[in-house]
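Notebook open, structure on screen.

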Amino acid sequence: MQQQLLISSLLIHAERHHGEQEVVSRRVEGDVHRSTYRELAVRSRRMANVLAARGIAPGDRVATLAWNGYRHMELYYAASGSGAVLHTLNPRLHPDQVVWIADHAEDQILFFDLTFLPLVEAVASRVKTIKTFVLMTDRAHMPAASKVPDLLCYEELVADASDNFDWPQFDENTASSLCYTSGTTGHPKGVLYSHRSTMLHTYAAALPDALNCSARDTILPVVPMFHVNAWGLPYAACMVGAKLVFPGPFLDGKSLHDLFESEAVTVSAGVPTVWQGLLAHVESNDLKFSTMRRTIIGGSACPPAMMRAFQQRYDVQVLHAWGMTEISPLGTACTLKPKHHLLDEDERMALQAKQGRAVFGVDLKIVSEDGRELPRDGKASGELLVRGPWVIAKYFKGEGGNPLVDSWFPTGDVSTIDADGFMQITDRSKDVIKSGGEWIGSIDLENVAMAHPAVAMAACIGAKHPKWDERPLLLVVKKPGAAVTRNELIEFYDGKIAKWWTPDDVVFLDAIPLGATGKMQKNKLREQFADHELPTA
Ligand code: ADP
């Protein structure tokens, strides 16, 4: 049969086949809300009627500023399912950037959580196209007065709307959602996903050797729904009928651990910085994970020390995965092959530290600076190029021209690929340290530092050097109460890395700046240490 691949079909399936399955959310309001896929489907249909009544037409952008929660999930399906485009704004951005992005996207309506009322009050009079503002809460939590014009109440809109709504049928190539890259340089660029790209990505992401989602799982996505659709988990969960647990704004170690335990979470997903807080809490309170079996870590390289802690101390398997906004985001997942179970512990850890094998649908290759394809031998490293049905062909509104090179998308990452297809990122091209004409991968250097017991966080950048052009400078945040000296850290590299890769200097910092998606902002560090004088040997 010729059937269009539409996001609404996921919700219809979840309601029909997993109607009783739970969707649990810790709410901004402070309590824990319990719901089911059946209720979610009913409320999404009501919300689709609300959107239509508010004049949202197919193709219009429906913006959100929201945490992970059931109301956000309802909007995922109500907006995309009715043919509009869900635009997840990142609330951690500066208000000027939020205004710029909302204007660029030409958002028509904005739904936001209570937390973001001050942010919305700051931007409401500045955004050009947003006509309707909806606070995602009930009447009791609505502010008595607000600077936001004609502020509407989400729960009132849902209660007043009919749940009679037939999800429309349309071309699967219709746009479904929009997410802007974090834009570490220049303005952020929009990435527009389609129903087709999202559905194919969901099928692939759910597979056992990818994110391995099933009806037997309880999934808690820590990765925000405003960051590349929470890596597609809100779609995959409906596809397989998994129980979903949303943490709302409570992302500290204690809140997460409490929720893992009380809801019997089996799988979670997030960036390494989030897991640091969780591990610190679990370690210092001598806790365990009684149901958590797996955690998916990506967004930046997972330090092997973190992997060891999860696997060896807590019996939680780490699945390292790689992707980017431009590729929906999943590209690779590091699931081992049967022969790898014969490896000893250290060899297996080294393999798991790689970003993994291509998920079917994503084709990978590495090329030299002159564009020649490099061998898949695990040694040659070059720029990583990808292609596939959920990889962008151009940015929203054609911004930045044609990004493709011979029909491949250049990722800006530098990597190796081994004979078994395991890809390993050595750096982002703009973060590579160029020393005497050779490249030093900053991720390797950071991983060594992170394995030191006194180190909480480490970033390695290139500092100017009169002879070698650049040399590695290690920036370190110590664990509370821990002591380590510059020389001890430098000696810690002995035997762990090629001698000439050893950092020339170490500077201790109180904090490393993190961007809106929890990644280290190395461009800020490079600016801050632009004039750093390395010690002369
Ligand atoms: P942005 O590029 O805007 O920072 P993305 O979330 O799209 O935001 O980031 C994609 C980039 O994140 C990748 O190109 C890569 O550099 C990095 N990244 C993602 N996952 C990993 C990983 N597992 N290991 C190393 N780097 C990663």
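**Entry 1: helix 2 against helix 3.** I started with a crossing: helix 2 passes helix 3 in a right-handed one. I'm working from a predicted model here. Helix 2 covers residues 37-53 and helix 3 covers residues 70-81, and they pack at an angle of about 60° with their axes 8 Å apart. The two helices are therefore oblique to each other.

Next I listed who touches whom. From helix 2, the contact takes in Tyr37, Leu40, Arg43, Ser44, Met47, Ala48 and Leu51. On the helix 3 side I noted Tyr70, Arg71, Met73, Glu74, Leu75, Tyr77, Ala78 and Ala79. Sorted by class, this contact has eleven nonpolar residues, one polar and three charged.

Entry 2: I then checked what helix 2 lies on. It lies across strand 1 (22-26), strand 2 and strand 11, and runs at about 85° to strand 2. Those strands sit in an open sheet of nine, in the order 2-1-11-10-12-13-14-15-16, with mixed pairing. Strand 2 (32-36) and strand 16 (357-358) are the edge strands, each pairing on one side only.

I zoomed in on one pair in that sheet. Strand 10 (residues 218-221) runs parallel to strand 11 (residues 243-246), and two bridges pair them. Thr218 is opposite Lys243 of strand 11.

**Entry 3: a salt bridge.** Which residue does the side chain of Asp217 meet in a salt bridge? I found Arg294, at 3.7 Å from N to O. The pair links distant parts of the chain, 77 residues apart. Asp217 is in the loop between helix 7 (195-206) and strand 10, while Arg294 is in strand 13 (residues 294-297). For the whole structure, my search gave 33 salt bridges.

**Entry 4: helix 12 and its partners.** I took helix 11 (residues 272-284) and helix 12 (residues 304-314) first. Their axes come within 11 Å and cross at roughly 40°, which makes helix 11 oblique to helix 12. The crossing is left-handed. Helix 11 brings Pro272, Trp275, Gln276, Leu278, Leu279, Val282 and Glu283 to the contact, and helix 12 brings Met306, Ala309, Phe310, Arg313 and Tyr314. I logged the classes as nine nonpolar, one polar and two charged.

Then I looked at helix 12 with helix 13 (residues 345-352). Here the axes come within 10 Å and cross at roughly 120°. These two are therefore oblique to each other, and their crossing is right-handed. In this contact, Pro304, Met307, Arg308, Gln311 and Gln312 of helix 12 meet Glu345, Asp346, Met349 and Gln352 of helix 13.

Entry 5: Last stop was an open sheet of four strands, order 17-18-19-20, with antiparallel pairing. Strand 17 (363-367) and strand 20 (423-428) each have a single partner strand, so one side of each is left without a neighbour in the sheet. Ignoring direction, neighbouring strands here are turned by 50° against each other on average. Strand 17 runs antiparallel to strand 18 (residues 382-387), and five bridges join them. I also noted Leu364 opposite Val386 of strand 18.

Note on methods:
Residues numbered from 1 in each chain as written. Predicted model: local features only at pLDDT ≥ 70, side-chain atom pairs only at ≥ 80, totals over all residues. Heavy atoms only, no water. Pairing = 2+ DSSP bridges. Contact = heavy atoms within 4.5 Å. Axes fitted to C-alpha atoms, helices over the stretch in contact; angles between N-to-C directions. Parallel < 35°, antiparallel > 145°, perpendicular 65-115°, else oblique. Left-handed = near helix turned anticlockwise from the far one by under 90°. Nonpolar A, V, L, I, M, F, W, Y, C, P; charged D, E, K, R; others polar. Salt bridge = Lys/Arg side-chain N within 4 Å of Asp/Glu carboxyl O.
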